[in-house]
Amino acid sequence: MRKFLLLGILVFSTSSFASHIFGGNITWKCLGNNQYIFKIDLYKDCSPNTVWLLDTVSLRSTALPGQKIYADRDTILDMSLKCNGPNSLGCNQPSPSGVDLYRYFTDTITLPGAPPAQGWLFSYSICCKSGATVNVQTNGRPQGVTFIRSTMFPSTSGCESSPYFDFNPAQQIISTTNSLSTLGSTANPADSLYYRFVAPNYDANNPSIFLFGYNANNPFPNPTSNALNGPVSINHFNGLIDFDIKQGTPGYYYYAVSIEQWRDNQLLSEIVLDNSVLGDFTPVNNNAPSVAIDTSIYNLVRSGDFYQVNVVEGDTIEFVIEATDADIDTATNQNQMIDFGAYGY
């Protein structure tokens with residue numbers, strides 16, 4: 001009877017709230033002798049109407065078929081952007097809310113020797129994405145499920161630690177920005193990292209389906225979604241995503257980036273980052289400030305942009321040049337005050 005009652009409460013809770021997962025990634029550290037510690041990072045909406053994530057998660061792996069690799073939650077970090085205005089991602093803002101990073105670690109895991117040529121796949125899936133996601137379908141599986149994965153390939157020098165993403169996942173794009181970071185790092189200076197777009201939420205049975213105008217290589221507003229926009233591209237050597245957005249639907253844009261770890265022409269691992277970025281493309285207008293020099297109290301003669309005063313030895317000339325801009329910054333809906341002054345003798 002108690003078990004039945006508890007089940008009813010859990011079903012009611014999960015149906016009333018959603019996790020609003022933004023994405024995540026899986027990485028590992030090699031301890032030697034085929035022993036590893038895996039780290040799972042999950043990003044989620046930190047607003048109060050979303051559920052907390054589990055204390056323990058389990059990975060699936062082709063290295064240990066039929067077994068689960070368990071990881072316990074180590075910490076929760078508030079990664080929200082601490083900016084002002086309606087575009088803020090702070091947890092104290094009603095909408096949009098901020099981003100929490102849930103970090104999990106496994107105990108020491110022993111894997112059976114070296115991976116095969118096709119590698120070992122490590123994966124984890126969790127529901128659900130925010131309904132405000134613009135570029136992918138979220139109202140049904142598998143599009144509403146976040147599927148994170150990484151692949152470990154064989155190495156001639158034994159087990160290797162994977163690279164890891166080293167950036168704040170809580171980013172946003174607006175009409176005045178033109179780049180987004182997906183920077184990664186590696187502990188071995190001999191490694192080369194290669195970045196590329198990949199399909200998010202993808203495995204052999206669950207391909208990700210983008211809405212019309214978007215695809216894995218164009219996850220943000222682009223010329224296909226609106227002809228006014230410029231192309232979307234990724235720098236393969238530093239992970240910087242470039243875009244030129246003039247028109248776009250506000251909301252979350254889902255995307256995925258892969259870091260390939262190479263050394264001596266050998267592919268050691270592929271770490272896939274799934275993430276969602278908030279887009280707000282309200283047109284921003286900013287008029288140039290007006291500058292005026294009052295010559296009425298000075299004996300000045302103006303010729304175009306030049307001002308002249310006749311002086312003789314012993315005279316002292318004091319001048320003041322001032323300008324003020326009191327526009328509204330439409331990116332934040334806040335007053336924009338810029339004062340300029342120059343003084344001299």
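Ser150 is buried, with a relative accessible area of 0%, where buried means under 20% relative accessible area, exposed over 50% and partly exposed in between (1.4 Å probe, protein chains only). The structure is a predicted model, in which local features need pLDDT of at least 70 and side-chain atom pairs count only at pLDDT 80 or more, while totals for chains, interfaces and linings use all residues. Residues are numbered from 1 along each chain as its sequence is written, and side-chain values use heavy atoms, with hydrogens and water left out.

Ser150 is found in strand β8, which covers residues 145-152; strands (E, at least two residues) and helices (H or I, at least four) are DSSP runs numbered from the N terminus. The side chain of Ser150 reaches the backbone oxygen of Ile26 at 2.7 Å. When neighbours within four places in sequence are left aside, Ser150 is in contact (heavy atoms within 4.5 Å) with Ile26, Trp28, Trp120, Leu121, Phe122, Glu270, Ile271 and Val272.

Glu260 lies in strand β16 (residues 251-263) and counts as buried at 11% relative accessibility. The side chain of Glu260 makes a polar contact with the side chain of Trp262 at 3.0 Å; such a contact is a pair of N or O atoms within 3.5 Å, of which, within protein, one must be able to donate a hydrogen and the other to accept it, and residues adjacent in sequence count only if both atoms are side-chain atoms.

A search of the whole structure finds 1 disulfide, a term for a pair of cysteine sulfur atoms within 2.5 Å. The disulfide is formed by Cys30 and Cys159, with their sulfur atoms 1.7 Å apart. Because Cys30 lies in strand β1 (residues 21-32) and Cys159 in the loop between β8 and β9 (164-165), the pair ties together parts that are 129 residues apart in sequence. Cys30 is buried, with a relative accessible area of 17%.

The protein chain averages a pLDDT of 80, and 72% of the residues score at least 70, pLDDT being the predictor's confidence in each residue, from 0 to 100. Over residues 1-17 the pLDDT is below 50, and this stretch has 4 contacts in the model beyond near neighbours in sequence. Residues 90-95 likewise have a pLDDT below 50, with 12 contacts counted in that way. Where pLDDT is low, the predicted coordinates should not be read in detail.
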